[in-house]
2 protein chains.
Amino acid sequence: MTPPSHLAYVPFISVENMMRLVHSIGVETVLKELADAIEHDFTRWQLFDKTPRFGCHSETGVIELMPTSDGEFYGFKYVNGHPTNTKQGLQTVTAFGLLANVSSGYPVLLSEMTVLTALRTAATSAMAARHLAPKGAKVMALIGNGAQSEFQAMAFKAVVGIEEVRLYDIDAAATAKCARNLAGSGLKVTACRSSQEAMEGAQIVTTCTADKQFATILTDNMIGDGIHINAIGGDCPGKTELHKDILLRSQIFVEYPPQTRIEGEIQQMSADHPVTELWQVITGEAEGRTSASQITLFDGVGFAIEDFSALKYVHERALKTGHFVQLDMIADPDDPRDLFGMLTRAGEPALA
Amino acid sequence: MTPPSHLAYVPFISVENMMRLVHSIGVETVLKELADAIEHDFTRWQLFDKTPRFGCHSETGVIELMPTSDGEFYGFKYVNGHPTNTKQGLQTVTAFGLLANVSSGYPVLLSEMTVLTALRTAATSAMAARHLAPKGAKVMALIGNGAQSEFQAMAFKAVVGIEEVRLYDIDAAATAKCARNLAGSGLKVTACRSSQEAMEGAQIVTTCTADKQFATILTDNMIGDGIHINAIGGDCPGKTELHKDILLRSQIFVEYPPQTRIEGEIQQMSADHPVTELWQVITGEAEGRTSASQITLFDGVGFAIEDFSALKYVHERALKTGHFVQLDMIADPDDPRDLFGMLTRAGEPALA
């Protein structure tokens with residue numbers, strides 16, 4: 001069989017190559033550069049095709065496709081969310097994504113996105129906090145110490161300047177794992193025995209718990225004036241983390257309202273509850289935090305544009321550093337109309 | 001870096017392995033087995049999640065995601081359609097697809113689908129004709145001799161028993177290519193100088209032209225009583241092949257009405273123009289051809305369930321024959337909550 005031409009190949013970043021790529025740049029630098037890349041694409045918000053994600057729901061979880069395009073590139077992510085997976089030693093969330101050229105429809109990158117989603121989620125949170133958190137915030141409470149927690153801690157260190165994280169999880173083993181992973185990171189890490197204890201002295205609180213249910217991770221009395229809440233664990237219908245009273249006291253910032261009203265904390269509120277679109281804060285079209293005493297809430301659910309930014313970022317970096325392999329994914333007959341001839345010739349003994 | 005565990009791997013069928021797989025089984029056997037697999041899934045039609053595909057349209061073409069699920073497996077296809085690509089030596093249509101386990105959300109197969117889509121499109125057409133074409137049909141006119149044409153010819157030979165194909169294309173080079181590829185296939189191949197000439201003696205006519213425009217490949221006077229029309233080139237808004245008068249005389253069969261009314265020949269008709277769903281003919285809930293003189297039209301646009309059937313078919317066959325490689329696509333930390341630890345340890349010099 002004759003080898004495929006260069007047109008047949010799509011660069012692929014495996015999990016192993018993604019990890020090599022991240023280490024070749026440095027985790028904190030990646031988080032900083034991703035935050036900048038996502039922020040840049042938020043300034044181009046109106047260029048993008050936007051749609052709520054397409055979900056396939058089952059009793060155990062959801063499989064989603066999240067496409068978007070800026071007219072030059074098209075990207076989509078496949079992502080699942082299956083909270084009971086961990087009981088079988090599987091990930092709750094796994095993902096991969098694709099970037100394609102809009103003018104030809106040809107893919108230009110296939111990439112693992114389990115690691116990349118963890119990075120972009122943390123980078124998005126930190127980017128939002130850069131605009132919304134009180135000035136000089138140094139201490140963050142981190143409630144929910146699962147797979148996303150260390151990424152959040154490192155992003156807030158790199159992007160916002162957080163110096164201490166105060167950890168709490170209903171499972172002490174998760175807290176111990178998070179603390180162990182953050183040892184040597186340069187962050188002061190304090191393991192706490194309750195959410196209340198974790199909140200002591202914190203200017204920012206991040207909730208990233210994983211149960212698929214209406215939960216009350218934070219109650220109203222825990223949230224003092226001036227706090228920035230980064231609520232990212234509520235990300236599907238029926239899954240929230242905050243008591244409704246907190247939402248009533250907060251200025252709420254969201255990515256894409258039609259999606260957040262279905263999936264975010266604000267699914268608890270009426271369909272016309274006022275929210276501000278984060279991209280408008282970044283472009284200056286809307287106000288972010290307006291006083292030191294205001295409670296700001298980033299109701300983050302994850303949006304396709306963030307994955308697009310992340311795919312474009314790793315595409316550029318991987319091509320430069322060689323952290324990819326070529327996949328023979330696109331049929332490339334010499335004559336584009338001769339797909340059958342290519343197939344037939346592939347079966348001829350002389351070429352097989 | 002420690003090697004990924006088996007949970008990290010997704011079997012991948014490259015273009016080369018797809019071609020090897022097809023030849024190891026035989027093209028005609030694959031087409032027959034695919035027709036049977038698709039027919040079987042059409043009998044389970046009501047089990048499937050169904051939605052019109054999600055398109056990203058640009059000036060040069062469209063990129064689409066076509067998901068579906070039967071509750072046990074989830075499948076989707078990425079496919080582009082860019083008619084001007086051939087001018088740059090690229091394929092008009094390229095595709096790849098994924099099959100996943102619904103209960104865990106984990107992918108079980110990634111596959112090229114440019115070759116596979118050509119096979120499943122032809123198998124679907126032939127499967128429809130098995131139910132709709134006049135009994136004993138032996139001659140098929142094949143109008144449009146591009147990338148799909150030989151697949152149609154071989155599927156109609158294998159599934160319907162066609163013995164002669166009569167070729168016509170506005171580009172004589174395409175006809176010559178098609179005739180060359182079908183030499184030795186066992187089919188009598190006749191190159192014609194007009195659509196009219198191609199129709200002489202044919203009981204079936206297949207139109208598979210590729211221009212993205214309202215075209216009139218067949219006019220009313222060309223279609224005699226009893227003909228089965230297999231119209232598959234009209235597959236997006238603004239792209240049709242048949243004169244409206246033919247549609248008015250035909251019993252029209254479609255895959256999924258909400259999609260076909262947007263993309264198929266019937267986009268020329270009112271939104272309530274009567275059509276029959278092919279799956280109901282197969283299950284016996286609706287009548288197919290009711291007389292020898294009736295004109296039947298399969299207005300085929302390609303539906304996600306056909307891709308799902310095709311992915312399931314090649315998944316089973318590839319795992320048996322070994323025509324795949326393993327891709328490290330799923331991050332698999334020892335502790336599912338310890339994604340960051342997996343990333344950190346990957347960067348440690350001792351393991352790097």
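Domain bounds are those of an automatic or database domain assignment. The model is predicted: local features need pLDDT of at least 70, side-chain atom pairs count only at pLDDT 80 or more, and totals for chains, interfaces and linings use all residues. Residues are numbered from 1 along each chain as its sequence is written, while chains are lettered from A and ligands numbered from 1 in the order in which they are written.

Chain A is assigned domain 1 (6-115 + 305-346) and domain 2 (132-301). Their centres, taken over C-alpha atoms, are 27 Å apart. Domain 1 of chain A puts 16 residues into the contact, and domain 2 of chain A puts in 18 (contact: C-beta atoms, placed from the backbone, within 7 Å). On the domain 1 side, helix α2 (residues 27-43) of chain A gives the most, with eight residues. Helices (H or I, at least four residues) and strands (E, at least two) are DSSP runs, numbered from the N terminus.

Between the chains, 67 residues of chain A are in contact with 67 residues of chain B. Helix α11 (residues 339-346) of chain A supplies the largest share of the chain A side, six residues.

In chain B, strand β3 (residues 62-69) is mostly covered, with seven of its eight residues buried (20 or more other C-beta atoms within 10 Å of the residue's own, all placed from the backbone). Strand β2 (residues 54-57) of chain B runs antiparallel to β3(B), joined by four bridges; pairing requires at least two DSSP bridges. Phe54(B) stands opposite Leu65(B). β3(B) also pairs with strand β4 (residues 73-81) of chain B, antiparallel, over eight bridges. There, Val62(B) faces Gly81(B).

Definitions and conventions. Two residues are in contact if their C-beta atoms, placed from the backbone, lie within 7 Å. A residue is buried if 20 or more other C-beta atoms lie within 10 Å of its own, exposed if 12 or fewer, and partly exposed in between; C-beta atoms are placed from the backbone.
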